[in-house]
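Here is my short note for you on this model. Please read it with the structure open beside you.

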Amino acid sequence: MPSIPNPFPELCCSPFTSVLSAGLFPKANSRKKQVIKVYSEDETSRALEVPSDITARDVCQLLILKNHYIDDHSWTLFEHLPHVGLVPPSIRVFSNGAYTCQENSNLAERTIEDHELVIEVLSNWGMEEENKLYFRKNYAKYEFFKNPMYFFPEHMVSFATETNGEISPTQILQMFLSSSTYPEIHGFLHAKEQGKKSWKKIYFLLRRSGLYFSTKGTSKEPRHLQFFSEFGNSDIYVSLAGKKKHGAPTNYGFCFKPNKAGGPRDLKMLCAEEEQSRTCWVTAIRLLKYGMQLYQNYMHPYQGRSGYSSQSISPMRSISENSLVAMDFSGQKTRVIENPTEALSVAVEEGLAWRKKGCLRLGSHGSPTASSQSSAASMAIHRSQPWFHHKISREEAQRLIIQQGLVDGVFLVRDSQSNPKTFVLSMSHGQKIKHFQIIPVEDDGEMFHTLDDGHTRFTDLIQLVEFYQLNKGVLPCKLKHYCARIAL
């Protein structure tokens with residue numbers, strides 16, 4: 001019997017191959033989604049389902065939108081390492097019927113640049129690593145574009161070619177962004193010897209090709225320079241642990257860590273003598289690694305890679321601020337206040353009147369007199385302010401300010417540890433943290449706050465902060481950005 005031709009030859013295929021052609025199916029979405037967890041400083045967290053090509057800036061935009069924050073371009077995503085291999089990460093202890101880990105706080109973190117892909121960052125984490133993503137403000141992220149003079153001290157900068165005359169900090173910054181020329185950063189750093197607990201003070205030199213150290217004093221001759229680390233396939237992290245935690249000679253540590261997961265031996269630990277020196281090294285390495293991309297991030301903060309835009313994700317105001325005017329309703333006819341000074345004084349008086357009413361309402365529980373009620377309430381009304389941090393130590397205050405950026409005017413107010421009846425204003429200026437005691441003074445039975453021995457007095461801390469946000473006074477600069485612990 002003759003064989004009958006098979007009318008459907010495409011169905012006669014191996015059981016291990018697809019029966020239907022892939023072209024018959026609709027194409028799957030190439031932007032696969034993944035769930036990430038982001039933490040805030042108070043350790044609250046939020047899970048987000050994001051596409052695989054989402055950038056750090058896009059994640060910040062999502063969190064800004066979901067939490068109704070004001071976007072001032074300082075919100076930043078951080079990669080946080082709970083330990084960086086200097087000491088064992090944790091010790092397992094059996095207690096209450098279960099094993100718990102006692103952490104050796106050896107912390108390090110880095111700013112995830114706005115253009116970086118978050119899923120790529122997570123893919124470099126090891127299976128046993130307990131790394132986290134943190135979301136908070138970083139006022140110093142692009143401060144070197146605004147005030148380069150604070151980031152490149154003259155004694156740390158030299159040039160590969162001869163230059164005519166002095167080079168300004170702005171020109172130094174332009175050299176970092178140029179592919180043809182570059183400045184050299186040089187100076188002494190403490191380096192941790194591989195496999196040892198000891199540190200050695202060595203002269204280092206940063207060039208576009210990498211970081212080198214001199215085997216003979218401060219010599220820059222090629223035969224005396226030895227390669228230490230490249231930064232194309234490595235990330236730089238700033239140490240958050242003090243020198244007592246890991247035996248470092250100073251508190252200003254930083255390290256190189258390969259992009260791919262590796263052991264403690266892959267880490268290269270360094271320590272600077274002061275914060276300004278560490279900031280210079282870290283900033284220069286960021287500029288050499290990313291170049292013009294950093295400048296584009298600074299100039300165009302909304303250019304994300306995953307399709308988000310300022311129109312689709314940034315909360316917009318319904319009314320332009322330019323259309324708002326100050327009005328005076330005290331007379332028989334209302335009038336527009338055109339004088340800015342008068343408008344400001346009226347606004348301050350309105351605020352003070354509102355606070356006095358609030359103080360009387362808050363102080364109406366068991367106080368004998370109205371004046372004492374107002375005084376007691378005005379002393380406590382500051383506790384609801386985001387810049388006030390109740391009972392934190394001097395060290396914790398410094399850590400918060402450093403984490404949110406050593407920019408002039410970053411501040412917080414806290415309780416004094418040495419004197420329970422006073423407060424302390426902690427602020428950043430010139431890349432240093434300074435502390436000013438706020439002293440209570442009494443006059444005619446009323447309590448006031450002062451920073452200058454009573455010459456300028458304020459009824460409450462809110463009035464004091466608002467005054468120094470507008471006036472320098474006895475402070476080295478005006479108060480500009482407050483440190484706040486946000487919750488997600």
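**Notes on the predicted model**

1. Helix α12 spans residues 461-470. Its buried residues are L461, I462, Q463, L464, V465 and Y468. Buried means under 20% relative accessible area (1.4 Å probe, protein chains only). Helices (H or I, at least four residues) and strands (E, at least two) are DSSP runs, numbered from the N terminus. At the start of α12, a side-chain oxygen of D460 comes to within 3.1 Å of the backbone nitrogen of I462.

2. A word on the source. This is a predicted model, with residues numbered from 1 along each chain as its sequence is written. Local features need pLDDT of at least 70, side-chain atom pairs count only at pLDDT 80 or more, totals for chains, interfaces and linings use all residues, and side-chain values use heavy atoms, without hydrogens and water.

3. I112 lies in strand β6, residues 108-112. I112 is buried, at 0% relative accessible area. Leaving out residues up to four places away in sequence, I112 touches A56, L77, F78, E79, V121 and L133. Contact here means heavy atoms within 4.5 Å.

4. How many disulfides are there? The count is 0, where a disulfide is a pair of cysteine sulfur atoms within 2.5 Å. C255 is buried, at 1% relative accessibility. C477 is buried too, with a relative accessible area of 10%.

Key
Buried means under 20% relative accessible area, exposed over 50%, partly exposed in between (1.4 Å probe, protein chains only). A polar contact is a pair of N or O atoms within 3.5 Å; within protein, one must be able to donate a hydrogen and the other to accept it, and residues adjacent in sequence count only if both atoms are side-chain atoms.
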